[in-house]
Amino acid sequence: GSVILGVLGALAWYKNRVCGFLMFIGVLATLYALGEHSFVFELFFRLPLFELFRGPARILFLLVFSMSALAGFGYDALWKKQISLKKIASVSALPVVISFFVMTGTLHGALSTPPQYHDAIERYGVNAFIISLFSFAIIYALVKGRVQPRMGGFALCGLIIVDLNVF
């Protein structure tokens with residue numbers, strides 16, 4: 001849910017300086033977290049004090065922070081109806097489709113997944129499919145006006161809490 005809202009926030013508020021900065025930090029943190037597989041890691045590793053960071057994936061807290069703030073922008077855009085229904089549907093449906101393919105095992109061959117991980121990935125795919133489907137339904141109900149914005153916000157927060165604690 002928060003990833004969907006974060007992307008919607010980035011789409012709606014990309015001209016805002018704060019939103020642009022958050023997007024930049026999120027992309028930079030993601031590229032740095034890839035470690036030796038990214039050119040950003042090599043650039044930062046040559047700077048003083050950055051060679052002391054042993055786990056580049058630890059920088060992902062910046063991605064979590066930026067996506068959380070962008071999710072706030074996204075919810076604000078939903079509340080004010082600044083995003084077209086077509087954009088909302090496409091951004092919200094993408095995680096549902098991807099998690100469906102992960103859940104059914106369709107992506108194993110395309111991603112060269114080792115066979116010993118297939119069952120675990122499919123279980124996580126089911127969880128992701130359920131959460132993304134509920135997120136899509138709540139966001140769709142918000143946009144169509146079937147749910148009041150305050151109740152939709154509570155429903156999304158509840159869904160995030162369930163996702164963090166159950167799955």
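Tutor: Let's start at Ser132, which lies in helix 7; helices (H or I, at least four residues) are DSSP runs, numbered from the N terminus. This is a predicted model, where local features need pLDDT of at least 70, side-chain atom pairs count only at pLDDT 80 or more, and totals for chains, interfaces and linings use all residues. Residues are numbered from 1 along each chain as its sequence is written, and side-chain values use heavy atoms, with hydrogens and water left out.

Student: Is Ser132 buried or exposed?

Tutor: Buried means under 20% relative accessible area, exposed over 50%, and partly exposed in between (1.4 Å probe, protein chains only). Ser132 has a relative accessible area of 6%, so this residue is buried.

Student: Which residues is Ser132 in contact with, leaving aside neighbours within four places in sequence?

Tutor: Contact means heavy atoms within 4.5 Å. Here the partners are Pro95, Val96 and Ser99.

Student: And how do I read aromatic pairs?

Tutor: Rings of Phe, Tyr and Trp (its six-membered ring) pair if their centres lie within 6.5 Å; planes under 30 degrees apart are stacked, over 60 edge-to-face, and the rest tilted. That rule gives four aromatic pairs. One of them is tilted, joining Trp13 and Phe73 at 5.8 Å centre to centre with 55 degrees between the planes. Trp13 sits in helix 1 (residues 2-13) and Phe73 in helix 4 (residues 60-79), 60 residues apart. Phe73 is buried, at 18%.

Student: Which residues form an aromatic cluster?

Tutor: Phe100, Phe101 and Phe129 form one. Phe100 is partly exposed at 38% relative accessibility, while Phe129 is buried at 18%.

Note on methods
Helices (H or I, at least four residues) and strands (E, at least two) are DSSP runs, numbered from the N terminus.
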